[in-house]
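Welcome! Let us look together at how two chains meet.

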2 protein chains.
Amino acid sequence: MEKQFFIIQQVVDNWNTQLKAANKLLSELSDDQLMHEIAPGKNRGIYLLGHLTAVHDHMISLLGLGETLYPELIPIFIRTPDKTVADIPSATILRANWIKVNDVLNAHFSKMNADQWLSKHSSVSAEDFIKEPHRNKLNVLISRTTHLANHFGQLLLLK
Amino acid sequence: MEKQFFIIQQVVDNWNTQLKAANKLLSELSDDQLMHEIAPGKNRGIYLLGHLTAVHDHMISLLGLGETLYPELIPIFIRTPDKTVADIPSATILRANWIKVNDVLNAHFSKMNADQWLSKHSSVSAEDFIKEPHRNKLNVLISRTTHLANHFGQLLLLK
């Protein structure tokens, strides 16, 4: 079990590294810069911040850690593309939401053991999980870390 | 050991997923598109392809799997920024190099066991590795998967 946890910790460390890099970048970008498109005709920085916040917020329920905190972000930042909803939350609000959802996740992550990481996430049935044990909470963390890295690379272009 | 390998396999699967997505994108981008900047004044697609190829190529030696195949890429795509070296390899050559380095890596990855993944990479000394056992081959894979995702997000902007 100790060795399993050691391996899992490497995955959690990578999540924390990406999150730290994203937070540093966000602290360096002004609210004005967030209003810019990452490339001509592409998503704005603020949309990516809202999108990442909504996706990480959804992790709270997907990992069985509680209720999604800001469900109002889902229609704006997950179900519809950028520049289709006129009235979106301000950068100030999104920055605060972003900090909050990651704080909630990390408070849980710091206490989870290997068995908990390898247990099923809430979108898979108990029956399917027997056949597909890789559909566990660790896999959600792995794929969301990649998702964060993907958009972090894009947000870097705003500098 | 089996459970350890199961966890490691999730990390390897994520690498394969990112690589597959990158290869699909590269197959959809023309050589002309690769010559474009991902955003005004930023790296060109061809530079990112060369950069990713050089970084993955370096993994071969870092993971103790053999010699770097294309060391000539290092000064162009790692040591210097884009648009500073006039004469760079063609997209045709870089696409072939990219396929080759990943084929070499994956031929090894498909045979590595948990102990091998958790053994030290070649940039850490045996003494330091005793104190810092996370500096293992799995960690190289985790960080390079994130690196790939980072630039994949940028290459997507060329579409």
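By what turn and what shift along the axis can chain A be laid on chain B? The turn is 180° and the shift along the axis is 0.0 Å, with an RMSD of 0.0 Å; copies are superposed by least squares on the C-alpha atoms of residues with pLDDT of at least 70 in both. The two copies are therefore related as by a two-fold rotation axis. They also use the same surface, since 100% of the contact residues of chain A recur in chain B.

This is a predicted model, in which local features need pLDDT of at least 70 and side-chain atom pairs count only at pLDDT 80 or more, while totals for chains, interfaces and linings use all residues. Residues are numbered from 1 along each chain as its sequence is written, chains are lettered from A in the order in which they are written, and side-chain values use heavy atoms, with hydrogens and water left out.

Here is the interface of chain A and chain B in brief.

| Item | Value |
|---|---|
| Residues in contact (heavy atoms within 4.5 Å) | 28 of chain A, 29 of chain B |
| Buried area (accessible area lost, 1.4 Å probe, summed over both) | about 2500 Å² |
| Salt bridges (Lys or Arg side-chain nitrogen within 4 Å of an Asp or Glu carboxyl oxygen) | 0 |

Carbon and sulfur atoms give 67% of that buried area. On chain A, A:Ile7, A:Gln10 and A:Leu157 supply 23% of the area buried against chain B, more than any other three residues. Two helices, α1 (2-28) and α8 (137-155) of chain A, each supply at least two residues of the side that touches chain B; helices are DSSP runs (H or I, at least four residues), numbered from the N terminus.

Terms used. Buried area is the accessible area (1.4 Å probe) that two parts lose on being put together, summed over both.
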